Every structure is written in structure tokens, then in C-alpha cells.
Amino acid sequence: MENSLNIEEMYRLPWTNEDNPNGWIEVTTYCQLKCPGCYRGLAEENPKRIHENLEKIKSEIDLLIKSRNIQTLSIAGGEPLLYPKIKEVIEYAHSKGIKTKIFTNGMLLTKDKLIDLKNAGVTEFVVHIDKYQKRPDMKSLREINEFREKFCKLFREVGNVNLGFIMPVSGEDYSDLSDTIEICKNNSDVVNLLVLSPYKDVLLNKDKTFNKSKLQNPDISKLSDFLSKKFESKPCAFLGKIHSKNQPSWIFMVPVFYGEKIVGYLDSFLYKKFQERYREKKGKYFITIKGNKINLKSLLPLVFKKNVSKILWNLRKEKMRNRDKIYDLRYQVILIIDGPDKINGKWNLCDGCPDAMYYNGKLVPSCLLERVKAGENISIK
């Protein structure tokens, strides 16, 4: 499936700075790891460590709800599970009707912790595992993949909490990526999300502990084509960039599974339909849905659409082929996030910037926060 990245065939997401499904907070800058390219600069020498005040976090959540109309709160760091009051943050967001997504390295994510935060109302965990992290207990790709499989088993056992994986992608990362893709496909009953972030060096200071020549910014079109082949799907939706609207920054691909078999994918029509339906019911757009089941009844009225009829036809064939097994129809979201770059000396940010956060009362892109802290005048408005 060549030349998959054709924005003329994709739904341009209508998310804006004032009407955006995602809000971003960072509760701590403590972390056990020093990941190369960390946007928070935690791989540099003597980074500042701080746990944010809980009341300050609550006020930022309120502000994101009021000014952004958010549907989901992304909780990051540092490592958020090191934050002493992470449960209270989740409970507060949940009390406001907001879904919560925790970005974690997974080192503290035990069964007891997962159950405790599930009871507090957490919606999703996105686990960051990659071969550059230099984890003390993982020396090979085999051990890294076993760690991912461990989470699939854990989330299957506990149930009713979304699981996703996130990893950087460089020019030489595709072997690791292929393994991750197979794990996602083989565990479609529990894995909702795979986020791929092409490596970009946006820090002011340079991490001297790692040879960054090993990390290369991959070609987005080639990465998209690679994923299209692996997931037998095409990108269905995108965000542009503020100085080049037709240059995609967030790229969504949504394969549909019956068991481990891909039976189709959501095209731009379907993705737009689901976004608009959610908007009509809830008054906001969505970025996170609890679980990843597809209600078959929601597709039947659209059977005249080519892509829907293909899904239903392939589903029928798979059911006949596996009469002794019954699966739910499920989807996975495959997301490429191409971070900011500079055009004529200006930062070319993601249009609408879903990962914007408040810093000193100003809405800023979380990926460039260290530059904002250093005095650079960057905001999303």
C-alpha cells in the first residue's frame, strides 16, 4: 500500500485551541530513567526535580476544562506514578466528567496500583518502553518485548482500563517497531493505542550521556507507508501545522480487528462520522473512549459505504472460518505525532496543539516547555 499519506483523502480534524479534546498536565519532574530526547530535559545533568502542588494542578484542570472544552486529561511528567497524590488528581478529573490518560514508564505499575487507580476512575495508561532507555533490567529486544507482553496480560486480567504503548521512532528503529506492531496486533483485545513519535531534538541544552547521531528523524511519508502495510489500513484523519496547514503533524490510522485478524479500517468518512456523533451527544470532540469495542449496530446503517461493506463482508468470512470462536469487533488507534520544527526562525507547531499545557497562566506547547522556561516567547495563541 504505497503513498498512504494523502491528506486529500483524510479528515482534517476541526480541533482548535479553544475547542480541543485533550488537555495536558505534568505533575512531577521526578523520573527513574534518562530517556534520550526527553522533552523535559531529564537526561541532562542535574535536572530540576519537583512535585507540583495539588491545588495548583486542580486549578489547571479547571482552566483546561473552561478554556479548552477538554474531553481527556493527559497526565505526564517525569513519571506520574512517582507523584504522591496521583490518585487524588485522577479522582478530581473524574469528578468533573473528564477521562484520564497516564503516560508512564511502567516501572511502578503493579496489579495493586492498577486496581487502585482503576477504582479512582482512570481511563487509560500509555506505557513508554523503547530500546534507548537503558533500563537496568532490560538489555535486549526480547526482554523489552516481554515487558510489553507483561502489560497486555496484566490489563487483560484486571480489565476495564485502556492500554496503549508509546515509543520514539528513528531512522534505524524499524526492527523494534515491527516487534511492537506484532504485539499490538496479537493483543487487540486489550491494546487500544500505539503512539509513535519521530525523534526530534528540541532542547536548548544537549544530552552528553548519549550519542544522538544514532537517532534520526524518519521520513513521515515512509513511516506512514510502513504502518499502512503492517496494519492493512490507510490514515483517516490528521492535524496540520500552523505555518503549513497541509503538512500533517498528528496522523491517525484505525485498523479494525476480529480476534487477531484485521478485517478493515476506518476511513475518513467513518472517523468523521464518529467524531461528529460524539460531538452531538457530548458537546465536545473525543480523543479517548473507554474500551475499543465497535458496536456492530453503529455500522449497519452505513452498509452502503464501500469501506463499511468491506468490514462487514470480511467479518462474515472470519466468523464462518472460526465458527468455534467468538470475538468482539475492535479497533486500534495508530497515531504518528510529528513534533515541531522551525520555518524561517518560527516554530511550526501542531495546528490546535492537543498537548498544550498552562505555564505561568499561558497556554504553551508541552514539547517546548523547557524553551519557554528559558525565556523563549512561545505560545499556542
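In the classification applied here, Ala, Val, Leu, Ile, Met, Phe, Trp, Tyr, Cys and Pro count as nonpolar, Asp, Glu, Lys and Arg as charged, and the others, Gly among them, as polar. The model described is a predicted one. On this basis, the lining of the second largest pocket comprises six nonpolar, four polar and six charged residues. The space in this second largest pocket amounts to about 350 Å³. Its lining is formed by 16 residues, and those nearest the centre of the pocket are Ile50, Glu52, Lys56, Tyr359 and Lys373. Two or more lining residues are given by each of helix H1 (54-68), strand S16 (356-359) and helix H10 (369-373). Of the lining of the second largest pocket, the largest share, three residues, belongs to S16.

Helix H3 (residues 111-120) packs with H4 at an angle of about 45 degrees, and their axes lie 11 Å apart. H3 and H4 are therefore oblique to each other. The crossing in which H3 passes H4 is right-handed. On the H3 side, Lys111, Leu114, Ile115 and Lys118 take part, and they meet Leu154, Phe155, Glu157 and Val158 of H4. By class, the residues of this contact of H3 with H4 are five nonpolar, no polar and three charged.

Helix H4 (residues 141-158) also packs with helix H5 (residues 174-186), here at an angle of about 25 degrees and with the axes 10 Å apart. Because angles under 35 degrees count as roughly parallel, H4 is roughly parallel to H5. A right-handed crossing is found for H4 and H5. The residues of H4 that meet H5 are Leu141, Asn145, Arg148, Glu149 and Cys152, while their counterparts in H5 are Ser175, Asp176, Asp179, Thr180 and Ile183. The contact of H4 with H5 contains three nonpolar, three polar and four charged residues.

H5 packs in turn with helix H6 (residues 220-231), at an angle of about 35 degrees and with an axis separation of 11 Å. The crossing of H5 and H6 is likewise right-handed. From H5, the contact draws on Tyr174, Leu177, Ser178, Ile181 and Lys185, and from H6 on Lys222, Leu223, Phe226, Leu227, Lys230 and Phe231. Seven of the residues in the contact of H5 with H6 are nonpolar, one is polar and three are charged.

Two features of the backbone were also noted. Gly77 and Gly78 are joined by a cis peptide bond, with an omega of about 15 degrees. The loop that holds Gly78 runs between strand S3 (72-76) and helix H2 (86-95). Glu232, although not a glycine, has a positive phi of about 50 degrees. Glu232 is located in the loop between H6 and strand S8 (235-239).

Notes: Residues numbered from 1 in each chain as written. Predicted model: local features only at pLDDT ≥ 70, side-chain atom pairs only at ≥ 80, totals over all residues. Heavy atoms only, no water. Axes fitted to C-alpha atoms, helices over the stretch in contact; angles between N-to-C directions. Helix = DSSP H or I, 4+ residues; strand = E, 2+ residues; numbered from the N terminus. Parallel < 35°, antiparallel > 145°, perpendicular 65-115°, else oblique. Left-handed = near helix turned anticlockwise from the far one by under 90°. Contact = heavy atoms within 4.5 Å. 1 Å grid on protein atoms, 1.4 Å probe; cavity = no way out; pocket = protein on both sides within 12 Å on 5 of 7 lines; lining within 4 Å. Points joined across faces, edges and corners; volume = space filled by probe spheres on them.
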